[in-house]
Amino acid sequence: MDNNNVILDVKNLKTYFYMSDGVVPAVDGVSFSVKKGETLGIVGESGCGKSVTSLSVMRLIQTPPGKIVEGEILYHGENLLKFPMRKIRQLRGSNISMIFQEPMTSLNPVFQVGDQIAESLTLHQGLHGWDFRTRLRSWGLFWEMVLMSPLFFIPSIRTKLQDINNRLKRMKIDTPAWARAIEMLKLVGIPDPERRATDFPHQMSGGMRQRVMIAMAMACNPEILIADEATTALDVTIQAQILELMKDLRRRFGMSILLITHNLAVVAEMADKIAVMYAGKIVEYANANDLFAKPMHPYSWGLLHSIPRVDQPKSDDKLPTIEGMVPSPFNLPVGCKFHPRCFNAGQRCKEEEPPLQTLENGRQIRCWFPISHEGGA
Amino acid sequence: MAKDRKNRKKVTVIDNPNEQEILKTAEYSMMQAIWSRFRRHKLAVVGLVIFLFMLVFSLAAPLFEVVTGYPKNYTSLHIKSLPGSIPGIAVSITDPDWNNTEVYENGKEFWFTNIDEENGTALINMTTFENEDYKRKYRFTLKSLGDVDALDSVIETKRDDTGAVVRDEDGKPIREKVGLKEYFIGRAQNKRHIATGQILTYMPPKDGIDTTIDPSTGNGREEYVGPAPMHILGTDGGGHDVLPRLAYGGRISLMIAFSVTFITGLVGIFFGALAGFFGGFADALLLRVIELMGTIPLLPIYMVLVKVIPGGQTPFALILIFSVFGWAGHARMVRGTFFRERSQEYCESAKAIGAGNMRIMFKHLLPNAIAPVITSMSLGVGSIILSESSLSFLGLGADPLTTPTWGALIFEANQYFLNMPWPGIFAGLLIFMTVVSFFFMGDGLRDALDPRQKI
Amino acid sequence: MGSFLIRRGITFLIMLILITGLVYFVLRLPGDPFTQLEVLQPHLKDEINRMREWSGFNDPWYVGYFKWMKKVVFDWDWGKSINDKQPVWTKISSKMPMTIKIQAGVLIIGILCAVPLGIFSARRQYSTADYILTFFSYIGVSIPRFWFGLLLLLFFGVMLKILPIGWNLWENHDSLPWIMRVWDQVRNLILPVSMGVIGTIANLSRYMRTSMLEEIRRDFVRTARSKGLSENTVIYKHTLRNALIPIVTIMAFIIPALISGSVITEQIFNIDGMGKMMFTAVTSSDIPVMMGNLTLLAALTLMSLVLQDVMYALVDPRITYS
């Protein structure tokens, strides 16, 4: 493995939540690495800790109740967990960006979207936005216009008034940060971005808002983009458009993507590598092609086979499902966390937790009895 | 296996780490769950304890009468002296005839029996207490608040002999300083039927002036005593022992508050349910009414209504008045819940299986609205007690003679509060504790009934 | 927005007419106050009749109401007090400054203290400071205000003797230099204002805290953090702006509540303001004064409702009126 290319290397990350009812090990010893330009998909059911993993990388875990108790998050070889918050804030938004799952609520309702994009540009790239000085200037111009307006019948004054009016209208849009923000909006495919930039989030549709979110995350050309269920809340067609957009941006800027989703189709479309998580742990970590062709962990197998396939003849058989529910984080089963739901579980699974074994091709798996694909099953 | 499944079903995990709330319902019943959550809320438990104490205290009122030996309206005769003067009562004089003049002192009646024009004072009999034989005489004089000797004159509008106001060139009434004597005599001569309220003060009975003599000791009878073994919480202006009066006051205050809360709760649920469920015009109308009711300054309205409604100063009328204006908050809660829940799937599915509107409203929707309503009712009890005592404090609540509510006790105490504060302090403390206990319990109930909604 | 305001203005007038009509009707409910007087003072029959005629008790209530309204609208004549025969409007306008002085003090100090306290408390949720503040806000909400006022009076006025009891300017107030005049006023205002402000602070800071906590959990706050903004920017720019939206609603409730408060404040501190006038009018059944006061209250209430809508539209871009 070429370590120079590795941008993000997470080692044995443990994030626990200390609730009044007990400790929840939301992320319990997760390791993975992301190379430049690579897309890693993290897949799992609700509550398996995938969102917490991504928030841990951003150091956005609320303390209390949450706390990163162990592990390393190496960004270009430097441990993010050792960074002071000031340095973390410098990285956030400029080097590592995040897209959240709820486009409806993730934008601040009282600010124009242009402002929200321009904000991080001002912060990280020092571009002037709609700041106090610009506002003061616009006020000055405004009053100049008001004072001059009684003399509107003089032609030269009238042209001047019109000129000021035009300048006032464009003043906000023309600030460097806004200009760049509008550029970003154009990049993510929002029509008429100059007008749209002055819209408030509630004036936009869900897909539009998600595009704004992406524009916001992409504004400073981050090296890593964390997409936490970025397309889950969207219609399928919009979802496809957003994925296409992300792929396109990845190609153009060569950034790495950490794709967090429960939607296997999305991962199949995007990811180079896939980590399957269950109950706070990675149970299988493999190249996308390998995993889809030969899922070795019973859980991965279950996930893949519980998707109805259009290309296969309809049968009267029931769709295979994974029995049972995600275990309560307060009393996880002893041994392999998956064994109560596993069709392949043996006695050993109930007693001893399997370690993460590394197979050929860098493939990792946490199972005593992995599904063998030798026989071509 | 069956047990296992049962366990699993009751456990849900929410994925969102920012709302890491684990909704855990263990094996016990709902009431137990509520109680255990309530118990975990320390302030709520404190509130419950205070409330229970108040309840027992008020219910034990007759006991205090027996123990202290002083019935609530019995006046003690053996009382120590009171220093200084007592400020502050509004008096309006309704009859120009000075002999036998009727005076209203915040609703109480005085009878002037004797006018000393030389000193500008009058002796009055107070017939405020139920036992008619008890008539006290007060030296009636005009004083400012605070400094007793400073004010021996008042500013009055100047009037000519016919009683008409004298005006200057601008048409403004001329105001002049009038000596005490002139003031009283002028009043008498002016034959004004309804005089303005003026701040007058009355002196406590002092040697030589007070004529009521305690037959057993021969001492002048004076009414105030601080906390002492004989009177655990002291006595008040009427010479009553404070303790049993406080207990009786608690009964009435709590009774009024509970009745009002009960009525407003029912009315609020009814209107809120109708508006929230059917929406449309009824909803818009109700919202306007709620908005208006939430905004109007209630105290002036209560004041006017109490005065205007015949028999307004009885507990029953007070309950009525408070209920008319108190349901809006509860209605808003219920409306909100109904409005939110009526479009939920379970409601739709109930409709789909043919449940009637009434059934959906009261079987499916009401249980959702109960938790917020109970919380808001618990908070409501507190605010009703506050409103009631404010009104009573102004002398406009339940008649302090027949029904000594806590507020009315402070109203009585207020007349001599600066010198003899304890009856007022104890009554206020009780009001405060009770209200705080309801606010504590309300908070506890909100957390206990609806664990998702956290503050 | 313009047409919205016009519409609200029309509703405002209609509501005002309805409410004042209702108030007049209610005030006339106890019947003719002069009947009783007639019995007591038979020899003053002529004068009583004159007064009855003068105060409109010869007409049925609706006629009386319309006469009253006509006079108010066309002559700005609000009637005269039965007690001292002064014009009601003169009374009101002479007493309003005092009440406004006190209640404006309460409102301004209340907001200035409550908003920072609420933010502080919300930012340190579940800390000791938060618990202490919450506890004090409980006390502030549930302490009977009149009792608190009396205690203040007792403590600072009687026991410590450092603040005046009631409204008590120095005798040479008018001849003092301005700074001393201001100090004299402030000296007298301290107790009444602090009596009113305790409840306002307690209520508002609780609302502020709740509102802040609600907003602080929102997704957009996380988004703001993920942009790398500093914690102060996140709180004071992104969260506060949203948290203030519900507070605007509360404002509409607070202003009339202050009026309620002024009755008690002025009664306790013996201040000659609107509240005291209202109280005197109620206890002596002075219908013209009550009518004037209640009309003013109704207008104020309705106005604060309109104001609330306007403020809402100003602070929340999601709300537009068309």
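Select A:Glu194 and A:Arg170 in this predicted model: their side chains meet in a salt bridge (3.5 Å, N to O). The term salt bridge means a side-chain nitrogen of Lys or Arg within 4 Å of a carboxyl oxygen of Asp or Glu. A:Glu194 lies in helix α7 (residues 193-196) of chain A and A:Arg170 in helix α5 of chain A, so the pair ties together parts that are 24 residues apart in sequence. Helices (H or I, at least four residues) and strands (E, at least two) are DSSP runs, numbered from the N terminus. A:Glu194 is partly exposed at 33% relative accessible area, and A:Arg170 is partly exposed at 35%. Here buried stands for under 20% relative accessible area, exposed for over 50%, and partly exposed for what lies in between (1.4 Å probe, protein chains only).

For orientation, residues are numbered from 1 along each chain as its sequence is written, and chains are lettered from A and ligands numbered from 1 in the order in which they are written. Local features need pLDDT of at least 70, side-chain atom pairs count only at pLDDT 80 or more, and totals for chains, interfaces and linings use all residues, while side-chain values use heavy atoms, with hydrogens and water left out.

Next, select A:Asp115 and A:Lys172, which form a salt bridge (3.6 Å, N to O). A:Asp115 sits in helix α3 (residues 113-125) of chain A and A:Lys172 in helix α5 of chain A, so this pair ties together parts 57 residues apart in sequence. Both A:Asp115 and A:Lys172 are buried.

Stay on helix α5 and pick A:Lys160, which is located there. With A:Arg133, A:Arg137 and A:Arg167, A:Lys160 forms a positive surface patch. Helices α4 (132-148) and α5 (155-174) of chain A each give two or more residues to this patch. Patch residues have over 30% relative accessible area and no salt bridge; like charges are joined within 9 Å, and nonpolar side chains (Val, Leu, Ile, Met, Phe, Trp, Tyr) within 5 Å. Lys and Arg count as positive and Asp and Glu as negative, with His and the chain ends not counted. The place of a charge is NZ of Lys, CZ of Arg, CG of Asp or CD of Glu. A:Lys160 itself is partly exposed, at 43% relative accessible area.

Move to A:Glu353 and A:Lys281, whose side chains meet in a salt bridge (3.1 Å, N to O). A:Glu353 lies in the loop between α13 (347-351) and β11 (357-358) of chain A and A:Lys281 in strand β10, so the pair ties together parts that are 72 residues apart in sequence.

Select residues 298-305 to show α12, where six of the eight residues are buried.

Finally, go to chain C and select C:Val186, in helix α8 (residues 178-216). C:Val186 is partly exposed, at 36% relative accessible area. C:Val186 belongs to a nonpolar surface patch with C:Trp178, C:Ile179, C:Met180, C:Val182, C:Trp183 and C:Ile190, with about 660 Å² of accessible area together. Such areas come from the Shrake-Rupley method with a 1.4 Å probe; for residues, only the protein chains shown count as cover. Zoom out to see chain C whole: 12 helices and zero strands.
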